[in-house]
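I opened my notebook to look up a few things in this structure. I begin with the sheet.

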Amino acid sequence: MAWNRRDISDAVQNGDDQQTVKLVKEAIDEGIPATTVLDEGLVPGIQQLGALFQDGEVFLPEVLIACRAMDRGVEELKPYLSVGDTHKKGKVVLGTVEGDLHDIGKNIVRIMLECGGFEVIDLGVDVPASHFVDAVKQHSPDIVGLSALLTITMINMREVLDALEKSGLRDRVKVMIGGAPITREYADQIGVEGFAEDCAAAVDEATRLVAA
Ligand code: B1M
């Protein structure tokens, strides 16, 4: 069957993980670039469901089931997102800030960074500032990457910066932030070195930061 971005989006919204994986495989077999399948099929699927969730037309269980389908689809794409660069460009400690459980975007950023040649230590979701500090001490990364999807949790990015400062580690790392509510203005306001609005830009920004 010919590639149809709408079918993949529908499969994600329906929470049909088997259909999502099947359509992703078919698109790849047809030679559609993995980033196109991601950006034009999978991501719009979860975003459209988010709009329905906001309007009260679907409920939390449907969103969670759709997230599982999205994750399976992204996993299927992972080998094809690779640019085949095995050289490690740098090390990134990555996590979603405290109070925030959203990780779909953060996981895609992780995959894209790995495919782009970075080693990534993923601390998961709802990560307290102190855990970022511990991870910097333990892994000596080049970059600390912070993700937030809620306006009420993006302020916790500042707490991570404060904790790094207090521990005397702030000068040893570059900090890059991202997530739906995050803007370049916010990044400048809190004084971080890097900002990216999507996963492809995150790889470019991380590459710029390690070269700087
Ligand atoms: Co929630 N949620 N959610 N949610 N959820 C949003 C974010 C929301 C916009 C929905 C809405 O109301 N329209 C809204 C936030 C409003 C706001 O604060 N401005 C919201 C809310 C309110 C909530 C709850 C409070 C709902 C409730 O309980 N009443 C609750 C909070 C829970 C918590 O975190 N404490 C909640 C819960 C959930 C679920 C658990 C059901 C689920 C998350 C499951 C999971 O992640 N495992 C969920 C989902 C799925 C969403 C939506 C529908 C989709 C988010 C997503 O995955 N997008 C979202 C609505 C929407 O986006 N339309 C919504 C796809 C993803 C690929 O994009 O994450 O933006 P994104 O990532 C992009 C970029 O932002 C960027 O690159 C990624 C890939 O290109 N990026 C980075 C991300 N991190 C980066 C880091 C970087 C660089 C780039 O550098 C380090």
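I looked up the strand order: an open sheet of 5 strands runs β2-β1-β3-β4-β5, with parallel pairing. Strands pair if DSSP finds at least two bridges between them. Strands (E, at least two residues) and helices (H or I, at least four) are DSSP runs, numbered from the N terminus. β2 and β5 (194-195) stand at the edges with a single partner strand each, so one side of each lacks a neighbour in the sheet.

I noted that this is a predicted model, where local features need pLDDT of at least 70, side-chain atom pairs count only at pLDDT 80 or more, and totals for chains, interfaces and linings use all residues. Residues are numbered from 1 along each chain as its sequence is written, and side-chain values use heavy atoms, with hydrogens and water left out.

Next I checked the pairs. β1 and strand β2 (residues 118-122) run parallel, joined by 5 bridges. Gly90 has Phe118 in β2 as its bridge partner. From β1 the chain crosses through α5 to β2, and this β-α-β crossover is right-handed (clockwise from the first strand over the helix to the second, with the strands pointing away from the viewer). β3 (residues 143-147) and β4 (residues 174-178) also pair in the parallel sense, over 5 bridges. There, Leu146 has Ile177 in β4 as its bridge partner.

Which protein residue is a donor to the cobalt atom of the ligand? I found a single one, His102 (NE2), 2.2 Å away. Donors are N, O and S atoms within 2.8 Å of the metal (3.2 Å for Na, K and Ca); water is not among the atoms, so sites may look incomplete. His102 lies in the loop between β1 (90-96) and α5 (104-115).
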